[in-house]
Amino acid sequence: MLSALVLAASLAAPMAQDSLAPVRRADSLRVAILSVARFVHLDTTQCNQGVLRTFPDSARTPGAPTAVESLARLERLVIAEGVENPVDNPRGHALLRGVVGWEVGMARPRWDVADGAPTYKAIAAGLAGEFWNPDTKACESFVPEEPHYVLLPPLTNFTMPRPPRTELTIGFGERGLFELRDKFFASHRGDSTAVLTYAHVIATVLWRDYALVAVNRPAEQMGAMPLRQGAGGSTYLFHFANGEWRLLAIVRTWT
């Protein structure tokens with residue numbers, strides 16, 4: 001009986017060891033990405049424009065994969081390993097709170113960096129940033145301070161701090177979208193030109209210390225008629241470090 005247990009354990013050992021292979025591969029890709037990443041400090045005025053991460057070709061070793069290739073591999077790995085993982089849990093809620101705060105201009109994530117390296121806050125998401133107005137000699141928002149609307153996947157007991165300067169309404173799932181529309185167009189009753197623009201988290205994949213979040217920003221008029229052009233969208237790759245979700249890269253954007 002004992003020999004049978006030993007044999008079973010020896011057969012299971014390689015499988016358990018192999019289960020960590022995707023994690024080591026992800027960590028290796030992250031190291032490769034960070035090794036060629038460079039920061040561009042955009043804040044040349046008094047406004048908080050944040051810091052942009054770039055991947056210049058001159059930073060990589062000749063013959064090594066480009067940052068685009070490494071990001072694509074890591075993105076596929078996170079999706080393959082985490083596509084069925086739940087996000088309705090404390091770590092998933094923390095991730096989505098960070099994304100919502102970023103989208104509505106409440107707070108920005110820090111860039112993911114190698115251990116011991118200085119980190120910085122990212123650029124503003126979407127149209128949540130500010131610009132320097134030489135006429136008024138002040139920082140002003142790209143868009144007027146109006147109520148924000150965000151659509152998340154169905155979540156249980158999700159909490160979000162209240163924005164300091166404007167109203168925030170969050171909907172969950174398909175029913176939440178109807179509630180967002182009802183609230184917006186009830187406040188614009190009789191105005192056929194009113195346009196609802198909201199941040200829609202269309203995909204969230206959570207795996208180990210990595211996460212992928214895709215956000216679309218559609219625009220609708222007269223209740224539910226989609227407009228041909230909204231406010232674009234983005235896909236973000238995150239890494240959990242030092243007790244927080246940090247932004248590894250803005251994988252793609254669209255308009």
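Five bridges connect strand β5 to strand β6 (residues 168-172), and the two run parallel; strands count as paired if DSSP finds at least two bridges between them. Helices (H or I, at least four residues) and strands (E, at least two) are DSSP runs numbered from the N terminus. The model is a predicted one, in which local features need pLDDT of at least 70 and side-chain atom pairs count only at pLDDT 80 or more, while totals for chains, interfaces and linings use all residues. Residues are numbered from 1 along each chain as its sequence is written, and side-chain values use heavy atoms, with hydrogens and water left out.

Within β6, I170 is the bridge partner of V150. On β5 there is also a parallel pairing with strand β8 (residues 199-207), made by two bridges, and here V150 stands opposite A199. Strand β5 (residues 148-152) is mostly covered, with four of its five residues buried; buried means under 20% relative accessible area, exposed over 50%, and partly exposed in between (1.4 Å probe, protein chains only).

These strands belong to an open sheet of six, ordered β6-β5-β8-β9-β12-β13, with mixed pairing. The edges are held by β6 and β13 (244-254), each with a single partner strand, so one side of each lacks a neighbour in the sheet. From one strand to the next, the twist averages 25°. Strand β12 (residues 233-241) pairs with β13 in the antiparallel sense over nine bridges, and T235 stands opposite R252 in β13.

Turning to the helices, α2 (residues 21-36) has 16 residues and reaches 23 Å from its first C-alpha to its last, close to the 22 Å expected at 1.5 Å a residue; that expected span is 1.5 Å times one less than the number of residues. Its buried residues are P22, V23, A26, L29, R30, I33, L34 and V36. Viewed down the axis of α2, these fall within an arc of 170°, so they line one face of the helix; the arc is that of the directions from the helix axis to the C-beta atoms.

Helix α2 packs with helix α3 (residues 67-82) at an angle of about 150°, their axes 9 Å apart. Axes are lines fitted to C-alpha atoms, for helices over the stretch in contact, and angles run from 0 to 180 degrees between N-to-C directions. The two helices are therefore roughly antiparallel, a term used for angles over 145 degrees.

Finally, G98 lies in helix α4 (residues 90-103) and is partly exposed, with a relative accessible area of 35%. The C-alpha atoms of G98 and W245 are separated by 7.7 Å, although the residues are 147 apart along the chain.

Terms used:
Angles under 35 degrees count as roughly parallel, over 145 as roughly antiparallel, 65 to 115 as roughly perpendicular and the rest as oblique.
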